[in-house]
Amino acid sequence: MAQTNDKFIYVANNHTLLEFDGVRWKSYPSPNGSIFRAVSVAGDVIYTGCYMDFGFWTKDGLGRLSYTSLLGIIDQPVLEDEEFWNVQVVDDSVLFQSLSRIYVYNILDKSIGIIEAETAKAKIFNLRDHGILFQIKDKGIYKITKNRPELVTDDPSIKSRTVVGIFENNDGLVYLTTDGQGFFSKGGSEIRPWQFNLDSGSADLSIYSFLQLKDQSVILGTISHGMYQMTKEGQLLQHINQQNGLNNNTILNIFEDKDSNLWLAHDIGLSILNLSSPFQEYNDTAGNLGVVYTSTVYNGDLYLGTNQGLFRSRSSTNNFDLVPGTEGQVWCLVKLKNKLFCGHNNGTYLVEGNRAELISNVPGTWNIKEIEGVPDRLLQGNYNGLSVLKYQQGQWGLGYKIEGFNVSSRFFEFSDPDHVVVNHEYKGLFHLELNSGKTKVVSNTPELGKGYATSLVRFNDQLLYATNNGVFSFANQDQEFVLDSTLTKVFEAEGEGPMSILIPDDSNNRLWRFADHDMLYIEPSNIGNTPRLSKIAIPSFFRSNLGVSGFENINALGNGNYLIGTSGGYVTLDLEKVVAHDYPIYLTGVTKEYHNKPSQSVPHDSIMEFRFEDNSLGFAYSVPEYDKYTEVRYQYQLVGLYDSWSNWSSQPEISFENLPFGDYIFKVRAKVGGSLTENTASYAFIIRRPWYLSIPALVMYGLVFLVMSFSIHRVYKRYYRKQRERIVKENKRKLKRKKIQNQKRIVQINNERLLQEIEAKNRELAVSTMSLIKKNEFLNAIKDQLKKANNESAIKSVIRTIDRNISNEDDWKFFEEAFNNADKHFLKKIKEQHPELTANDLRLCAYLRLNLSSKEIAPLLNISLRSVEVKRYRLRKKMKLPHEEGLIEYILSI
């Protein structure tokens with residue numbers, strides 16, 4: 001295993017080179033069918049040893065690795081079936097070691113030297129004061145001087161064993177061999193067995209791997225016993241195996257990264273140890289402990305109070321034994337009067353070593369506190385109120401139950417020597433006044449609760465009541481709790497989510513509280529009255545492992561160490577190891593995403609232009625931080641689409657689908673623990689316009705638009721011209737039609753007028769005719785009377801005058817003119833049809849046309865009625881009318 005600036009390189013199963021970028025593993029198959037054996041890194045160049053080959057890998061523009069073999073520049077071929085098991089980069093040289101040789105490649109002049117060095121295990125040891133050491137089988141330990149081997153020691157105790165490790169201590173060199181008895185030190189020229197202190201099972205250790213860390217401690221990797229860490233003087237620091245959390249007890253390789261994390265390579269998989277982490281876990285994998293509710297150190301032993309009883313661990317071991325008789329729920333462990341009291345579901349126990357004595361059988365002891373001014377009594381809160389422990393006859397025991405109060409009293413504090421404040425989660429606060437003997441409650445003043453998730457503690461001589469709505473302090477003058485704006489602001493300054501109960505640490509004058517992503521504690525400030533807030537970042541899984549909400553606990557172990565109870569064991573916190581780090585964030589990959597084919601990687605070290613068809617992109621990013629208790633959350637922004645930052649997320653990748661064309665800048669930052677990364681990774685890219693929105697396409701669209709506009713204009717112009725012509729033609733037709741209608745109307749009007757005139761003429765003709773008839777009748781009447789007179793001569797003269805007047809041509813002309821006005825074509829037509837008619841015949845026809853009777857015609861013709869009938873008969877003859885056709889009907893039809 002090796003580490004580049006931002007990635008880890010690992011050889012898996014000797015067949016595949018794996019690169020881990022903090023998000024995913026990328027695999028690179030063996031070159032030329034060879035099998036990987038070893039790897040080392042210098043800068044961004046990866047050197048590998050293979051089966052029958054060795055060389056190096058470099059990155060291309062996409063960040064992918066490509067392999068270059070070095071076999072072509074050596075003077076002689078590699079040995080048959082030669083396998084390269086070790087690669088070391090030392091200054092300007094790279095050493096490729098097989099079981100038979102060491103090839104020294106000079107990075108500067110590209111030359112390769114060969115050192116014959118047969119060994120049973122390919123190991124090279126780079127020691128600061130002793131140079132580069134290696135072992136030649138059955139010959140001893142050598143060092144490389146000017147590309148040549150130089151003997152360091154050929155002591156029989158060394159050369160007959162396989163050396164897996166060499167390190168320096170105060171006495172000189174220490175050689176570690178594969179068997180448990182093969183630890184030797186060399187002081188001057190003398191080599192002697194080296195004394196070390198591991199554990200009882202170290203005698204049969206089979207050591208396979210070795211590493212000296214930056215802090216000079218030594219790591220031993222074994223075949224079946226896990227990992228040992230010891231000082232360079234040989235003192236055991238810790239032993240970690242599969243039972244403590246390793247994936248496997250066989251450790252084939254060890255690597256320390258730049259953050260002092262320890263990577264262990266097993267037969268299958270990897271393990272990582274956060275040696276510098278302030279957190280250390282104890283996982284109760286067997287389930288013997290249960291949920292830890294409280295803890296303390298008493299007389300050098302560690303006690304844990306759990307839901308399964310009270311457990312004790314001797315000294316610094318992690319082996320816990322149940323204290324007999326304490327099975328069941330433990331609520332508190334309190335050290336008072338140099339004694340250890342255990343609050344239990346059964347009552348109260350007095351604990352000494354591995355023995356617990358039940359001194360109070362009042363069930364459910366929540367907590368125990370001293371009573372000011374009364375040294376022989378202790379006040380304890382129980383399920384059903386308050387009770388008192390009393391010291392008498394040299395031992396502690398139950399004194400009495402305080403009368404007048406039966407509410408469960410988990411949180412209680414003295415506000416003054418005679419007043420006790422009790423907090424109940426659901427019922428609120430109770431201000432109790434006790435009598436002078438502290439035996440009963442003389443007054444009980446309730447106060448409404450101010451929220452949920454409540455707790456009541458005393459800190460820095462101040463009584464504090466915490467809820468989800470803030471922190472309240474007790475005002476003595478008002479005998480009630482009022483909002484403490486200073487503490488509320490301090491705890492909630494960063495906008496943390498729901499917080500735990502307050503947990504006082506009287507030994508260090510600290511007040512603790514758990515939030516979603518932080519452990520917070522305040523302590524008095526050296527300057528001013530505002531307490532100083534400190535925050536320790538924790539991952540979200542840790543917050544959920546703290547057991548039942550409202551029962552979070554953290555207890556001081558001394559020397560800045562704290563124990564935090566969890567649902568499956570406990571975690572220790574070393575405040576001295578809590579240091580601020582600056583972490584970088586890297587953009588580890590940019591890919592083009594598709595729905596119907598695999599993603600394609602693209603370079604992310606320069607501005608890229610993507611086709612519009614490739615407008616779905618994925619981004620991967622990471623922070624090279626591998627501490628289990630350091631949570632990394634990411635936030636991204638895509639300038640050009642989203643101008644605001646996204647919500648925090650633990651996902652180290654994001655995809656954007658169907659991005660519109662335009663210029664973009666992808667930005668990502670991270671919050672490692674509670675601190676932002678020192679940089680914001682960014683990637684600028686361009687989504688090109690689609691072909692149908694490209695500049696040539698737009699120009700073409702413009703030309704097409706102009707042509708279409710012109711064509712449409714022409715078409716519309718022609719259309720509207722035709723429309724206009726059609727409308728004009730239609731209007732002309734309408735006008736013509738209207739004109740015809742008007743003409744018809746005029747004709748109709750004229751006809752009506754003519755008809756009216758004809759009617760008027762007819763009336764006039766009728767009137768004139770009737771006048772003539774009346775006149776002639778009158779004259780005939782006078783003539784008839786005159787004929788009866790005696791004076792014939794005078795009468796005849798008058799009669800002749802009358803006759804002249806009756807047959808007056810002027811009357812006929814007047815009648816003829818009136819008749820022609822009424823029916824001007826009749827006389828002409830009948831004369832054309834019957835030219836043989838005389839003037840009298842025409843006159844008779846005119847009278848008949850007027851539909852006059854013979855009686856009316858007679859006076860007009862000045863003849864008798866008989867003569868009129870004769871004339872009518874003769875007229876029929878002249879007209880040659882058939883017998884069946886009437887004369888008047890014929891005349892009227894003309």
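**Aromatic pairs and a covered helix**

Ring pairs join Phe 610, Phe 619, Tyr 621, Tyr 634, Tyr 636, Tyr 642, Phe 656, Tyr 664, Phe 666, Tyr 683 and Phe 685 into a cluster. Rings of Phe, Tyr and Trp (its six-membered ring) pair if their centres lie within 6.5 Å; planes under 30 degrees apart are stacked, over 60 edge-to-face, and the rest tilted. The model is a predicted one: local features need pLDDT of at least 70, side-chain atom pairs count only at pLDDT 80 or more, and totals for chains, interfaces and linings use all residues. Residues are numbered from 1 along each chain as its sequence is written, and side-chain values use heavy atoms, with hydrogens and water left out.

Searching the whole structure turns up 49 aromatic pairs. Take Tyr 282 and Phe 320: with ring centres 5.4 Å apart and planes at 65 degrees, the pair is edge-to-face. Phe 619 and Phe 666, on the other hand, are stacked, at 4.1 Å centre to centre and 10 degrees between the planes. Phe 619 sits in strand β59 (residues 617-622) and Phe 666 in strand β62 (residues 662-672), so this pair ties together parts 47 residues apart in sequence. Strands here are DSSP runs of E, at least two residues, and helices runs of H or I, at least four, numbered from the N terminus.

As for helices, α8 (residues 839-849) is mostly covered, with nine of its eleven residues buried. Among them are Leu 842, Cys 845 and Tyr 847. Just past α8, Asn 851 adopts a positive phi of about 60 degrees.

Notes. Buried < 20%, exposed > 50% of the residue type's maximum accessible area, 1.4 Å probe, protein only.
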